[in-house]
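These are my notebook entries on a single model, kept in the order in which I looked things up.

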Amino acid sequence: TKAPEAAGLAVTITAGPTREPLDPVRYLSNHSSGKMGYALAEAAAELGARVTLISGPVSLPCPAGVERLEVETAVEMHEAAQRLAPESDLFIGCAAVADYRAESAAEHKIKKVEGEEELVLRLVKNPDIIAAVAALPAEHRPLVVGFAAETRDLATYARDKLARKGLDMIVANDVSREGLGFGSDHNAALLLWRSGDGGVDQESLDPQPKREMAGAVIRRALACLARPPSR
Ligand code: PMT
C-alpha cells in the first residue's frame, strides 16, 4: 500500500524517560532509551511532517529535520506538551513518564542518619500528560496516540487505557519480552484504534526493528487522521 503523505502536518512526539529529582545528586527514573520515540520522529519527518520531539534525558542525536525540546521532569514535559499540542495535528506520547515525583526535592544532598535503617520518601502524583492533551477542546485537539507498556494481558489493559485516557489510538507493547521494548532496537506491539463506527479495530505488529514499527504506527495514525471526524 502507498504511504499516505504527511506533508504539512504538525506532529509532536514525547520520548525517553523523565527524571524526578530527590536531591541535587539523585533522581527517580526508568530504563527508557528514547529509541522508540526517536524512531517515530524520524519516520514522521521522512513522510514530510513538521516534527517536534519533546525529549527526556537520552543519549541519542536529534534526527535530521526534527526540532527537539529537551526536558527533565514530567512537569516540564507536561508544560511543553500543553504548549505544543494545540498547534499539532498529531500527538504521540511515547515517553515513559514517571507516575510519581518526590513531594519536594531536598535542597541539599540527603544524608545517612546514624542508627536509622529506613528512609521514607513521600511521593506525589505527576500530571497525566497524554490524558490532558486528549481532554483539550475539540478545536485545539490533535489526534492522540498513546503507548501502553504492559507485562501481561496486553489487549485488556490497552483497551482500558485507550478508554480511560480518551485516546484515539494506542500502541501496546509487552515490555517483559526478551530483546524487545525498553532499550532494545526492536519492538512488537498490538495497535488498537477507534474505528469510525464507535468500535475498536486492531492490528498486531510482529517483532521488528523500531524504525520499521515506527513507520507502521505513523501510517496507521495518518489513516485515522484522514478519516472524517466522527471521533
Ligand atoms: O525508549 P525505549 O527504550 O525505546 O523504549 C520504548 C518504550 C518501551 C518506553 C515505549 O515503547 C513505551 O511503551 N512507552 C510508554 C511507556 C509508559 O510509560 O507506558 P504507560 O503504560 O505507563 O503509560 C501509558 C501512556 O500514558 C503512555 O503514552 C505514556 O506516555 C502516558 N503517560 C503516562 C503517565 C503520565 N504521567 N503521563 C503520560 O502521558
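**Entry 1: Pro-63**

I began with Pro-63, which I located in the loop between S4 and S5. The model is a predicted one, and I read each entry below with that in mind. I counted 18 other C-beta atoms within 10 Å of Pro-63, so I recorded the residue as partly exposed. Leaving out residues up to four places away in sequence, I found that Pro-63 touches Tyr-38, Ala-41, Glu-42 and Ala-45. I also noted a separation of 9.4 Å between the C-alpha atoms of Pro-63 and Leu-53, which are 10 residues apart along the chain.

**Entry 2: helix H1**

I then asked how many of the 12 residues of H1 are buried. The count is 11, and I therefore describe H1 as largely enclosed by the rest of the structure. The buried set consists of Lys-35, Met-36, Gly-37, Tyr-38, Ala-39, Leu-40, Ala-41, Glu-42, Ala-43, Ala-44 and Ala-45.

What covers these buried residues? I listed strands S1 (10-15), S4 (50-55), S5 (66-70), S6 (90-93) and S11 (186-194), together with helix H5 (210-226), as included in the cover. Just after H1, I noted that Gly-48 takes a positive phi of about 100°.

**Entry 3: the nonpolar core**

I looked next at the largest nonpolar core, which has 57 residues. Ile-13, Leu-40, Ala-44 and Ile-170 touch the most other members. H1 supplies the largest share of this core, with eight residues.

**Entry 4: Arg-211**

I placed Arg-211 in helix H5, one of the elements that cover the buried residues of H1. With 18 C-beta neighbours inside 10 Å, Arg-211 counts as partly exposed. The C-alpha atoms of Arg-211 and Asp-185 are separated by 8.2 Å, and the two residues lie 26 apart along the chain.

**Entry 5: the ligand shell and Ser-33**

I turned to the surroundings of the ligand, where I counted 28 residues. The closest are Ser-33, Lys-35, Gly-93, Ile-129 and Gly-146. The elements that give two or more residues to this shell are H1, helix H3 (129-134) and strand S9 (143-150). S9 gives the most, with four residues. By type, I sorted the shell into 13 nonpolar, 11 polar and four charged residues.

I examined Ser-33 separately and found it in the loop between strand S3 (26-28) and H1. I recorded 19 C-beta neighbours inside 10 Å for Ser-33, so it counts as partly exposed; the cut-off for buried is 20 or more. Ser-33 touches Val-58 and Gly-183 when residues up to four places away in sequence are not counted. I also noted that Ser-33 and Asp-185 are 152 residues apart along the chain, with 9.8 Å between their C-alpha atoms.

**Entry 6: Asp-153**

I found Asp-153 in the loop between S9 and helix H4 (154-164). Although Asp-153 is not a glycine, it has a positive phi of about 45°. Is Asp-153 buried or exposed? I counted 12 other C-beta atoms within 10 Å, and Asp-153 is therefore exposed.

**Entry 7: the chain as a whole**

I counted five helices and 12 strands in the chain. The radius of gyration is 18 Å, close to the 17 Å that the globule rule gives for 231 residues, so I regard the chain as being as compact as a globular protein of that length. Along the principal axes, the C-alpha atoms fill a box of roughly 65 × 35 × 35 Å. I recorded 37% of the 231 residues as buried. Of the contacts between residues at least 6 apart in sequence, 65% join residues at least 24 apart.

Terms used. Residues are numbered from 1 along each chain as its sequence is written. This is a predicted model: local features need pLDDT of at least 70, side-chain atom pairs count only at pLDDT 80 or more; totals for chains, interfaces and linings use all residues. Two residues are in contact if their C-beta atoms, placed from the backbone, lie within 7 Å. The radius of gyration is taken over C-alpha atoms; the globule rule is 2.2 Å times the number of residues to the power 0.38. A residue is near a molecule or strand if its C-beta atom, placed from the backbone, lies within 6 Å of it. Ala, Val, Leu, Ile, Met, Phe, Trp, Tyr, Cys and Pro count as nonpolar, Asp, Glu, Lys and Arg as charged, and the others, Gly among them, as polar. A nonpolar core is a set of buried Ala, Val, Leu, Ile, Met, Phe, Trp, Tyr and Cys residues joined through C-beta atoms within 7 Å.
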